[in-house]
Amino acid sequence: MLFTLSRVLKFGIQNFFRNFWVTLATISVLIVTLVSVNILIILNVLGKVAMTEVQNRVDVSVHFKPEIEESRVQTVKIALLGMPEVRDVEYVSIDDAMKRFTAQFKGDDSIVAALGEVGKNPFGASLIVKARNIDDYPKIIAALGEPSYTNLIEEKNFENRQMMIGRVETVARKLQLFGFATSGLFLFLTLLIVLNTIRVSIYTRREEIGIMRLVGASDNFIRAPFYVEALLWSASSLILCFAIVWPAVQFGQPFLQRFFGTSTVDLLGFYTANFFMIFGTQFFAVCFLSLLTTKMATARYLKV
Amino acid sequence: MIRFKNVSKTYPPNTIGLQNVNVHIRPGEFVSIVGQSGTGKTTFAKLLIAEERPTRGQIVIGGWDISAIKSTEVPLLRRQIGVVFQDFKSLPRKTVYENVAFALEVCGASQKRIKNIVPQALKIVGLASKADRYPKHISGGEQQRMVIARALVHRPKIIVADEPTGNLDSLNTREIIDLLKKINAFGTTVVLVTHNREVVNELARRVITIDQGRIVSDQEEGKYLL
C-alpha cells in the first residue's frame, strides 16, 4: 500500500514537470481565476466600507423656524429620542448654526457680505437626527410630519442622501455582478483548460499507460497520478495567487484609505484576520474544481 | 489451461473477428496460431488477455471464466499472462532494468522484491550485462528480449506473443524463438501468434490455423498450411 502510494506520488510529480509549458498554462489560468475571486472579495469589502461610511454620514437635519424657542426645540428632541428607531439627536442652537455657516463660507466674501446686510442672525435652531438603521429614516421622517411638528419646522432634508445611498448601492451591486460574471467566465475557462491539460497529459503518457495496462496495473493506479498532478496545480496556483494578492493589498491600502478619506478601510487587517478562511476556502474550492475536472477528463479520455 | 467454447467475436456493425471457435490448450504447451493478415489471430490474442470480450461463447483460463470478466479483475488476469507484441512497447526514457522493473512497480511490488526478480529475468533473456542501457542503445532483438523479461517478472503461467518477430531480422527472430522455447521448457504455456512460415515449420509444435475467423486446422506437430 505504501509502495503504491509513493509510486502514485512519484508518477504524479513526474507528470507535473514533464509537460512544463502545459502545466504553466494551466497554473496561469488557475491563478487568473483565483485573483479574480480575490478582486471580488476586495470589491465586496470596499462596497461594505463605502456603504457604512455613507450610512454614518446620513442624518435628518430638522431646521426650525427662527422664531421657535429653544425649549420647544428641546421638547421635540426629547420626543425624538424616545423613538426606538433614533440613535442620537444633536441640538444645534441659533448661534452654533451661525458659526457653522460662517465657517463653511469663510472665503466667500459675497455670502459674508449678504449675511452682514441681513443684520441679525437669520438662522433657526436645528436638530440632527441619526437613526439606528438606514431603513428607520422613513419612520422618523413620518413622525416629523405629524401636525404637532409641521408648524415648528421650516425644512427637513433627507432626500439627497437617500439618492446617494441608492447610487452607492447600485454601483456596489453592479461591481459585484461584474465580479461574479468575470469569475464565472474564468471558472469556465479553467474547466476547459484543465480538461485539455489532462487530455494532453494522457496523450503524452499513452505508451506508458498502455504498458501499465498490459502488465496488470490497476485502474486506480493508472488514474491516481493525474489527481496528484491536479492537486499540485491547485497548490502551486494558490501559492502564486497569494504572492500576487498579498503585496497588492499592502501596496493598495494607503491609496484606498486616501480615496475613501477614512482609516476604516483596512484590507490588510481583513485579510490577516480571515487568512485561513479566505485562502483555505479558495484552496479547497480550487482542489475540488481541478479534481472534478480530472475525473471528467480521465473518464472521457483514459480508457483503462 | 485455456479453453475456448463456441467463441465468436463480431465488431460493429458486422465485421467477423472469430466465428464459433472451439479450442483447448493444455498446460505447458507451445501453440502457434497462424493465418493471413486480418483472419482473426490478433482477436484470439486480445480475447486471451481480456482486451476484447467475446460476443458469444465462453473463455476459461485455469478454471477462471473470463468471458464476462469485470474491468476491476482484468489487472489480476494480466498479472498471470505475460504479453509480448510486435512493437516493443518499451519506455525510451527508462533503462533496460527500469523498463523491466516498471511492470512490478506499477503493481505495488516492494523494492526488495524488484531487486530480487528483475536481475533474474534479465539473466534469463541474456540482458544482464545491458541493464543500464537505454532502449535506443540496444538492438531490436534485444528490445524484444527486454519486453519478454518484463512479461516474465510476474512469473506468468501463460505467455501470449503476438507477432513478436514481426520487426526483426532472421538472426534476431531465431534468438526470440529460442528464448520462447526456453521459457516453455520451464513449464510456461506459450501462445505464439504469427504468420512467419519458417518459424512455425522449424518449431514443429502444435499449430492452429485460422482463416476468416474459423479454425481450419489444428495439428499437434503442424506446419504452416496457408
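Biologist: How many bridges join strand β3 (residues 30–34) of chain B to β8(B), and do the two run parallel or antiparallel?

Modeller: They are joined by 5 bridges and run parallel. A strand is a DSSP run of E of at least two residues, a helix a run of H or I of at least four, and both are numbered from the N terminus. Two strands pair if DSSP finds at least two bridges between them, so β3(B) and β8(B) qualify with 5. Within this pair, B:F30 has B:V190 of β8(B) as its bridge partner.

Biologist: On what kind of model does this rest, and how are its parts labelled?

Modeller: This is a predicted model, in which local features need pLDDT of at least 70, side-chain atom pairs count only at pLDDT 80 or more, and totals for chains, interfaces and linings use all residues. Residues are numbered from 1 along each chain as its sequence is written, while chains are lettered from A and ligands numbered from 1 in the order in which they are written. The model has an ipTM of 0.83 and a pTM of 0.73. In chain B the average pLDDT (the predictor's confidence in each residue, from 0 to 100) is 91, and 100% of the residues score at least 70.

Biologist: Which other strand pairs with β8(B) in the parallel sense?

Modeller: Strand β7 (residues 158–162) of chain B does, over 5 bridges. There, B:I159 stands opposite B:V190.

Biologist: What makes β8(B) a mostly covered strand?

Modeller: A residue is buried if 20 or more other C-beta atoms lie within 10 Å of its own, exposed if 12 or fewer, and partly exposed in between, with C-beta atoms placed from the backbone. In β8 (residues 189–194) of chain B, 6 of the 6 residues are buried. In a regular strand the side chains alternate between the two faces of the sheet. One side of β8(B) holds B:T189, B:V191 and B:V193, the other B:V190, B:L192 and B:T194, and all are buried, which leaves both faces covered.

Biologist: Why are β2 and β5 of chain B said to stand at the edges?

Modeller: They belong to an open sheet of 4 antiparallel strands in the order β2-β1-β4-β5. Because β2 (15–25) and β5 (64–65) each have a single partner strand, one side of each is left without a neighbour in the sheet. For β2(B), strand β1 (residues 2–11) is an antiparallel partner over 7 bridges, with B:F4 opposite B:V23.

Biologist: How do you know that the radius of gyration of chain B agrees with that of a compact globule?

Modeller: The radius is taken over C-alpha atoms, and the globule rule is 2.2 Å times the number of residues to the power 0.38. For 226 residues the rule gives a value near 17 Å, and chain B has 17 Å, so the two agree. For the 304 residues of chain A, the rule gives a value near 19 Å, but the chain has 32 Å.

Biologist: What are the domains of chain A, and what separates their centres?

Modeller: Domain 1 covers 2–54 + 165–301 and domain 2 covers 59–157, with bounds from an automatic or database domain assignment. Over C-alpha atoms, their centres are 54 Å apart.
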